[in-house]
Amino acid sequence: MNYHQYYPVDAVNGPGTRCTLFVSGCLHQCRGCYNQSTWRVDSGQPFTSAIEEQIIADLKDQRIKRQGLSLSGGDPLHPHNVPTILRLVKRVKEECPDKDIWLWTGYVFNELSDIQQEIIRYTHVLVDGKFEQELYDPTLVWRGSRNQVIRYLR
């Protein structure tokens with residue numbers, strides 16, 4: 001898996017202060033997407049064990065009270081990303097049980113594959129649905145278009 005950006009301190013992508021990872025790869029390629037540079041799975045840089053260790057260390061760091069991890073992109077549920085994202089969310093759940101996980105995807109909740117659903121079992125909040133430019137609404141919080149749904153799973 002590749003990623004484009006990792007923010008160890010982020011207050012925009014979910015509630016509270018968070019760690020946020022923007023992964024590479026998106027099959028949806030929504031018209032009007034603000035993050036088109038993340039569409040190709042080979043864009044960005046490799047997600048290494050060092051980056052994974054940094055995320056875990058940042059989530060555990062008590063100097064900054066982080067509420068959790070946000071996963072966006074691209075699409076964390078892109079088939080190419082699923083094995084790495086599954087490993088990451090399992091590890092966060094095990095080593096940082098007090099942190100929540102938010103995940104943004106263009107897929108729709110009731111259409112997820114079995115392996116994508118396994119990731120969702122570790123996710124506290126899922127924001128699903130493709131960005132639809134015709135339904136763009138700048139007043140929405142944590143989503144870009146009115147069709148997207150914020151699903152509180154835990």
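The legends below describe close-up views of a predicted model. Local features in this predicted model need pLDDT of at least 70 and side-chain atom pairs count only at pLDDT 80 or more, whereas totals for chains, interfaces and linings use all residues. Residues are numbered from 1 along each chain as its sequence is written, and side-chain values use heavy atoms, with hydrogens and water left out.

**View 1. Helix α1 packs against helix α2.** Helices (H or I, at least four residues) and strands (E, at least two) are DSSP runs, numbered from the N terminus. The axes of α1 and of α2 (residues 82-95) are 11 Å apart and meet at an angle of about 30°, which makes α1 roughly parallel to α2. Axes here are lines fitted to C-alpha atoms, for helices over the stretch in contact, and angles run from 0 to 180 degrees between N-to-C directions; those under 35 degrees count as roughly parallel, over 145 as roughly antiparallel, 65 to 115 as roughly perpendicular and the rest as oblique. The crossing of α1 past α2 is right-handed, a term used if the near helix is turned clockwise from the far one by less than a right angle, with anticlockwise giving left-handed. On the α1 side the contact (heavy atoms within 4.5 Å) involves Glu52, Glu53, Ile55, Ile56, Leu59 and Lys60, which meet Arg87, Leu88, Arg91, Val92 and Glu95 of α2. Residues of this contact divide into five nonpolar, no polar and six charged, where Ala, Val, Leu, Ile, Met, Phe, Trp, Tyr, Cys and Pro count as nonpolar, Asp, Glu, Lys and Arg as charged, and the others, Gly among them, as polar.

**View 2. Glutamate 52 is a buried residue of α1.** Helix α1 spans residues 49-60 and includes glutamate 52, which counts as buried because its relative accessibility is 6%; buried means under 20% relative accessible area, exposed over 50% and partly exposed in between (1.4 Å probe, protein chains only). Not counting residues up to four places away in sequence, glutamate 52 touches Phe47 as well as Arg87, Leu88 and Arg91.

**View 3. Leucine 69 is a buried residue of strand β4.** Strand β4 covers residues 68-73, and within this strand leucine 69 has 0% relative accessibility, so leucine 69 counts as buried. Leaving aside neighbours within four places in sequence, leucine 69 is in contact with several residues, including Arg18, Cys19, Ile55, Leu59, Leu88, Val92 and Trp102.

**View 4. Cysteine 19 and cysteine 96 are not joined by a disulfide.** A search of the whole structure finds zero disulfides, a disulfide being a pair of cysteine sulfur atoms within 2.5 Å. The sulfur of cysteine 96 lies 8.6 Å from its closest cysteine sulfur, in cysteine 19, and is therefore too far for a bond. Cysteine 19 is buried, with a relative accessible area of 0%, and cysteine 96 is also buried, at 2%.

**View 5. Asparagine 81 sits in the loop between β4 and α2.** With 0% relative accessibility, asparagine 81 counts as buried. Although asparagine 81 and asparagine 2 are 79 residues apart along the chain, their C-alpha atoms are separated by 8.1 Å. Beyond residues up to four places away in sequence, asparagine 81 touches Met1, Val23, Ser24, Gly25, Asp75 and Pro76.
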